[in-house]
Amino acid sequence: MNIIWTRAIVSLALLAALGVAIGAFAGVRVALAFAVLMLVVQAFFVTYHTQRLWRLLDAPVYGEVPSALGIWGEIYYRLHKLAKRWHAQVRQVEQQHARFIQAIQASPNGVAMLDDHDQIEWCNAIAEKHFGLDAKRDLRQHITHLVRQPDFVRYLNAHHYEEMLVMRGMGTNRKYTVSVQVFPYGDNRKLILTQDITELERTDSMRRDFVANVSHELKTPLTVLSGFLETMRELPLDEADRMRYLDMMEQQASRMQNIVRDLLVLANLEGDMRPPGDELLDMRAVIRHLEDDANNLSNGRHRITFHSDDALTIAGAETEVMSALGNLVTNAVRYTPDGGAIDVAWQRVKDRAVFTVRDSGLGIPAEHIPRLTERFYRVDRSRSRDTGGTGLGLAIVKHVLQRHNAELDVKSEVGRGSTFIVQFPASRTAIRKSLAA
Ligand code: ADP
C-alpha cells in the first residue's frame, strides 16, 4: 500500500471516529451535518488545488514550489521535481544543438540542408557565401529558385550524386569556383556540401601551364638537335661543316642542361620548407665572386663597377644568396648592349642591407615588370635565348628572396636601363665588427 492510500485511510478513519463521537454526544443529525460540512470542505479544497495546478501547468514558474498542506504539497513537490528535470534536459539538448550548429558554422565547407521538397531548411555561412543565399530570408525557399544555374538544377534533379559538380563564377562577386555534392538522407531529405576550389583550380591550371611550358622549352632544342643528327647521318659533310654542326648541337644540349639545372634549383627551393640558415655569410667573398663572373661574361664589352661595404653582411644560405644576386648581375650584362654601363652596390640603408644592380641596357616596358618573376616569362624572347637564358632566373631570385624575407624592387625605363634593388630585412642584416671601419 502506498503513502496516498495510507493517508486516505487514516484520514477517513479519523473523520469516521470524529463522526461517531459527535453522533454519540450530539445526536445523529449533528453527525450528518458534520459529514456534509466535511464533504463541502473537501470539495472546496479539491477545486481550489485543481485550479492552482491548472494555472501552474499552464504557466510553469521554474524554481518556485507552491506551498500546500498534506497530499497537495506532495503533488506540487513532485511536479516541481519533474519540471526541473525536464527543464535541465531541454537546456542540455539546446546546448548540444547550439554546439552542433557552431561546429558546422566553423567548417571551412558549405553545408545546406534541404527538406523533402528541396526547400532550404538550414545553411551555414559558407554555403550562404558560395550560393549567394541568405539563411533567414531564403528559409523554406526551393533551392532551384535561388541557385538557378542549369548545371546545378540538372544535377539536383538527376539523383546521381556519386560525382560532385564543379560550379564556376559563384558567390556575390562571381569569383569562386565551388565543388558541390549532394548526400541524400532521412525521408527524401538532402545534405549539400560545397567546397571552395578556386585556389586548387588556379594551382592546377598553373601546373598544367608549367608542364606545357617545360615541354615547349625542351622541345625546341630537341627538335633542332634531332634535325642536326638527321642531317649528319644523311649528308656527306666535310670536316668544317661537321665541326660547325657539332658546335650547334652542343649549344642546344647546353641550353637543355641549363633549363634542367634551373628547374631542379627551383624544385629544391620550393620543396625546402626549412628556413634558410642563420649563419653570417662571407659577403665580401660573395661580392668578389659576382664581380669576377660579371667581368668574365662581359669580356670587356661593358663598364662594370662594384661598390661594396665590406663589413656589411647578412644571415642566410650562401649558395642561394649567391645564385639570386648572381642572376641579377648576369641579367644586367646580358640585357645591356656592348659599351653600356653596369653599377653594382652592396650597402647599408638605414638598418637594412641593400643590393642594387643598375644597368644602362634595353630597359623593360612597365606592363611586363609585375610578371618578370613568373617562370619562363620573357620580355625579349630572342635575346634571352641568344644569351643562354632559361626564363627561370628571376623566378629563382623571387623564391630565394622570399625565403630570406627580402624584397625585390624593379625600376626600368625602355632604352635607358633598369635597376633591380634587393632589400634584406634588418633582422637578417649585420655588421662584421672586425671589418667595420
Ligand atoms: P632569362 O633567362 O630569360 O633572362 P629571367 O627570369 O632572368 O630569364 O628574366 C626574365 C626576363 O626579364 C628576361 O627574359 C628579360 O626579358 C627580362 N630582364 C631581366 N633582367 C633584365 C634587365 N636587366 N634588363 C632588361 N630586361 C631584363
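Predicted model: local features only at pLDDT ≥ 70, side-chain atom pairs only at ≥ 80, totals over all residues.

Reader: What angle does α10 make with β9?

Author: About 25 degrees, with β9 spanning 352–359.

Reader: And what's the strand order in that sheet?

Author: Going across, the order is β6-β8-β9-β11-β10. The sheet is open, has five strands and shows mixed pairing.

Reader: Which strands sit on the edges?

Author: β6 (303–308) and β10 (407–413), each of which pairs on one side only.

Reader: How many degrees of twist from one strand to the next?

Author: The twist averages 10 degrees.

Reader: Nice. Switching topic: how many salt bridges are in the whole structure?

Author: A search of the whole structure turns up 22. One of them joins the side chains of E199 and R202, at 2.9 Å from N to O.

Reader: Why can those two reach each other?

Author: E199 and R202 are three residues apart in helix α7 (198–234), so about one helical turn separates them. In general, side chains of opposite charge can pair when their charged atoms come close.

Reader: How accessible are E199 and R202?

Author: E199 is partly exposed at 47% relative accessibility, and R202 is partly exposed too, at 44%.

Reader: What about D241, which residue does it bridge to?

Author: D241 forms a salt bridge with R244, and the closest N and O atoms are 3.5 Å apart. These two are three residues apart in helix α8 (239–271), so D241 and R244 are also separated by about one helical turn. D241 has a relative accessible area of 26% and counts as partly exposed; R244 is partly exposed as well, at 44%.

Reader: OK, and which residue does D409 pair with?

Author: K411, in a salt bridge of 3.1 Å from N to O. D409 is partly exposed with a relative accessible area of 32%, and K411 is partly exposed at 46%.

Reader: Last one: which residues get joined into one network through shared partners?

Author: D115, E121, R140 and R189, linked by salt bridges that share partners.

Technical notes
Residues numbered from 1 in each chain as written. Heavy atoms only, no water. Salt bridge = Lys/Arg side-chain N within 4 Å of Asp/Glu carboxyl O. Helix = DSSP H or I, 4+ residues; strand = E, 2+ residues; numbered from the N terminus. Buried < 20%, exposed > 50% of the residue type's maximum accessible area, 1.4 Å probe, protein only. Pairing = 2+ DSSP bridges. Axes fitted to C-alpha atoms, helices over the stretch in contact; angles between N-to-C directions. Contact = heavy atoms within 4.5 Å.
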